[in-house]
Amino acid sequence: MTHKSIFLGKNKADFMTHEVKGAMINFENEAYYKIENSNEMRPFFMSIVSDSNHWMFISSNGGLTAGRKNSEFSLFPYYTDDKITESADITGSKAIFQVLKNGNIYLWEPFSYRQVGLYKIKQNLYKNTYGNKVVFEEINEDLGVTFRYQWSSTDTYGFVKKSTFINNSSDQIQVTFLDGLQNIIPSDVETDLQNSRSNLVDAYKKSELQIESGIGVYALSSIIVDKAEPSEALKANIVWSLGIENPTYLLSSLQLDNFRKGNELFQEVDVKAEKGAYFISADLILEANETKQWYFVANVNQTIGDIQKISKAINNDQNLLEIIQEDIALGTKKLVALTGAADGVQVTNDSLVNTRHFANTLFNIMRGGTFDDDYNIEKEDFVKYIAKANKKSFKEERSCFK
């Protein structure tokens, strides 16, 4: 199999810098702020929130870290923003496509510096007004295709990556794809341990595939301790997928170059002492203007019981994708309710002002909390507060507090 490039014959104007534009739009039935030609900007950092305990810090070039509760329950390594931005090619989302057109196979790797200047492309970035969804999009005008992926979250299942491939042309195309997540760390890896002894952590990594359900299980072979005592790792981080029938699964990034070269991939079931990854690969046939979607779901700190429950749902529940989508929508509804309780929902004639106010209020309540019952405060708590905050007034007006 030979990959062709279509760089020859291009005009210099095809690769000139394009103007960066920003605007509020309606995208997938929701209000988003779109940055057009986002790749022309210097990478910047974003925080993706949730109504629950998810956290995600993501660079505009795709590099990220994420987890639940705090940094000790991470899905990807918890580093500083400069390292996260620099690790975009090896951490987080990675997709590679072989597109068959006119008898030639074209290799396309969206959002990668590897192919800068090879194709005429356009990159856009979208973030919804509530701050809990972000979408990366690359349009390949030479091949007539678009790939985008979205990050969102669900309280029950964890993080969700939705991948979308669109055939923009009027012809049928054939596509072989490899898509997934890289540098997934196991459960029980503390931040200090990852930052100071990452190579040692790699040596203890164990990635396993549950073949029937397609769940990737990422755990330590044992807890890393500096003592002569047994310490079993009982929890794991997991990743699984929906939307593609009978794909080839990979649990590491070791075969990515083989895919780039057009070589055959071999399914990985048990990988030790390598950085964890979760990829699926399959062949697609897309008719003119057809769209195909598939999903990745990842969660942290899962027990054996949790994994068996998910495995059963994947194998038996025909409505699992619909349940996940409903839980994502419920999370957005709860996030709006939490922010609204602190007067964060504002309606003016300027949607940008509304979004700014929502974000400011949201981050304020993330730092300081919000009231349980609007602005109604329990008398007992209020009296205790006044007694400490203003002792003079409390003594002078003691009768008011009885």
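Predicted model: local features only at pLDDT ≥ 70, side-chain atom pairs only at ≥ 80, totals over all residues.
**Notebook: pockets and a surface patch**

Started at Phe 382, which I find in helix α8, residues 379-389.

How exposed is Phe 382? I get a relative accessible area of 37%, so Phe 382 goes down as partly exposed. The cut-offs I need here: buried is under 20%, exposed is over 50%, and partly exposed is in between.

Then I looked at what Phe 382 sits with on the surface. Phe 382 belongs to a nonpolar patch there, together with Phe 371, Tyr 375, Ile 377 and Tyr 385. Together these residues have about 560 Å² of accessible area.

Next, the pockets. How much space lies in the largest pocket? I have about 950 Å³ written down for the largest pocket. Its lining is made up of 43 residues, and those nearest the centre are Asn 39, Val 116, Ile 121, Gln 123 and Glu 138. I went through which elements give two or more residues to this lining: α1 (81-86), β7 (92-101), β9 (121-128), β10 (134-140) and β11 (145-154). Strand β9 gives the largest share of the lining of the largest pocket, with 4 residues. Sorting the lining of the largest pocket by residue kind, I get 16 nonpolar, 15 polar and 12 charged.

On to the second largest pocket, where the volume comes to about 510 Å³. I count 23 residues lining the second largest pocket, and Lys 127, Asn 128, Gly 131, Thr 355 and Ala 359 are the closest to its centre. Which elements give two or more residues to the lining of the second largest pocket? My list reads β3 (30-36), β4 (45-48), β9 and α7 (351-368). Helix α7 has the largest share of this lining, 8 residues. By kind, the lining of the second largest pocket splits into 15 nonpolar, 6 polar and 2 charged.

Last stop, strand β4, where I looked up Phe 45. Buried or exposed, or something in between, for Phe 45? Its relative accessible area is 34%, which means Phe 45 is partly exposed. I also checked Phe 45 against Leu 107: the two are 62 residues apart in sequence, and in space I have them 29 Å apart, C-alpha to C-alpha.

Note on methods
Residues numbered from 1 in each chain as written. Heavy atoms only, no water. 1 Å grid on protein atoms, 1.4 Å probe; cavity = no way out; pocket = protein on both sides within 12 Å on 5 of 7 lines; lining within 4 Å. Points joined across faces, edges and corners; volume = space filled by probe spheres on them. Nonpolar A, V, L, I, M, F, W, Y, C, P; charged D, E, K, R; others polar. Patch = residues over 30% accessible without salt bridge, like charges linked within 9 Å, V, L, I, M, F, W, Y side chains within 5 Å. Areas by Shrake-Rupley, 256 points an atom, 1.4 Å probe, with all protein chains shown as cover. Salt bridge = Lys/Arg side-chain N within 4 Å of Asp/Glu carboxyl O. Buried < 20%, exposed > 50% of the residue type's maximum accessible area, 1.4 Å probe, protein only.
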